[in-house]
Amino acid sequence: MDLTPYVDNLRQELAVAADAGGDDARALAERLTAPLESATRLTLLNALSAAMGEVTRELAPGSVDVRLRGLDPEFVVTAPPTPEPVREEPEPVTVPAPPPPPADADDGAMARINFRLPAHLKARAEEAATAEGLSVNAWLVRAVSTALDGGQRAAPTGRGRPSGGRSFTGWVR
């Protein structure tokens, strides 16, 4: 922004005022013109800085700064950041559980094994089984089945989560 027209206007106004006072006033006005030009530029720069401070408060988080380049101020505008468009997260891909084994493969025969776990693993297995609403035995059977079927997790049978809110665990013969 060029301040020269404003300073020239002040110089003309001072000359008009000095003409009314005679030759001594005119000579005094000419001597005061140079120091008044610097003071005028500084006063205008202060007024512009204050105005841009108010604009910055209204524009926040953007801003407007006044910088002095040579004798003239320059405005530097920093626009507020544009909000990123809302992205909808894609729905998680669910891998369908493998179908339960065919009925003819389950002949109902059970085999009993002794399985010894360290205490810290036993506690974690019990927590996991409880979280899924299964007995520890059912949870272990499912874990072994999943491990043997290549890492695919079998679908819960529904026995561990009855709809009535009651849970039954134990052995039946």
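In this predicted model, helices α1 (4–19) and α2 (23–59) each contribute at least two residues to the lining of the largest cavity. A search of the whole structure finds 1 cavity of 30 Å³ or more.

**The cavity**
- The largest cavity holds about 50 Å³ of space.
- Its lining is made up of V7, L10, R11, L14, T33, L36, E37 and T40.
- By residue class, the lining of the largest cavity comprises 4 nonpolar, 2 polar and 2 charged residues.

**T40, a residue of the lining**
- T40, one of the residues that line the largest cavity, is located in helix α2.
- T40 counts as buried because its relative accessibility is 15%, and the cut-off for buried is under 20%.
- A polar atom of the T40 side chain lies 2.6 Å from the backbone oxygen of L36, and L36 also belongs to the lining of the largest cavity.
- When residues up to four places away in sequence are not counted, T40 touches V7 and L10; both of these residues are part of the cavity lining as well.

**The largest nonpolar core**
- The largest nonpolar core consists of 5 residues, namely A125, A129, L134, A138 and W139.
- Two or more residues of this core come from each of α3 (119–131) and α4 (136–148).
- In soluble globular proteins, nonpolar side chains tend to be buried together.

Notes. Residues are numbered from 1 along each chain as its sequence is written. This is a predicted model: local features need pLDDT of at least 70, side-chain atom pairs count only at pLDDT 80 or more; totals for chains, interfaces and linings use all residues. Side-chain values use heavy atoms; hydrogens and water are left out. On a 1 Å grid over the protein atoms alone, a cavity is a set of points where a 1.4 Å probe fits but cannot get out, and a pocket is an open set with protein on both sides within 12 Å along at least five of seven lines; lining residues have an atom within 4 Å of a point. Grid points are joined across faces, edges and corners, and a volume is the space filled by probe spheres set on the points. Helices (H or I, at least four residues) and strands (E, at least two) are DSSP runs, numbered from the N terminus. Ala, Val, Leu, Ile, Met, Phe, Trp, Tyr, Cys and Pro count as nonpolar, Asp, Glu, Lys and Arg as charged, and the others, Gly among them, as polar. Buried means under 20% relative accessible area, exposed over 50%, partly exposed in between (1.4 Å probe, protein chains only). A polar contact is a pair of N or O atoms within 3.5 Å; within protein, one must be able to donate a hydrogen and the other to accept it, and residues adjacent in sequence count only if both atoms are side-chain atoms. Contact means heavy atoms within 4.5 Å. A nonpolar core is a set of buried Ala, Val, Leu, Ile, Met, Phe, Trp, Tyr and Cys residues joined through side-chain atoms within 4.5 Å.
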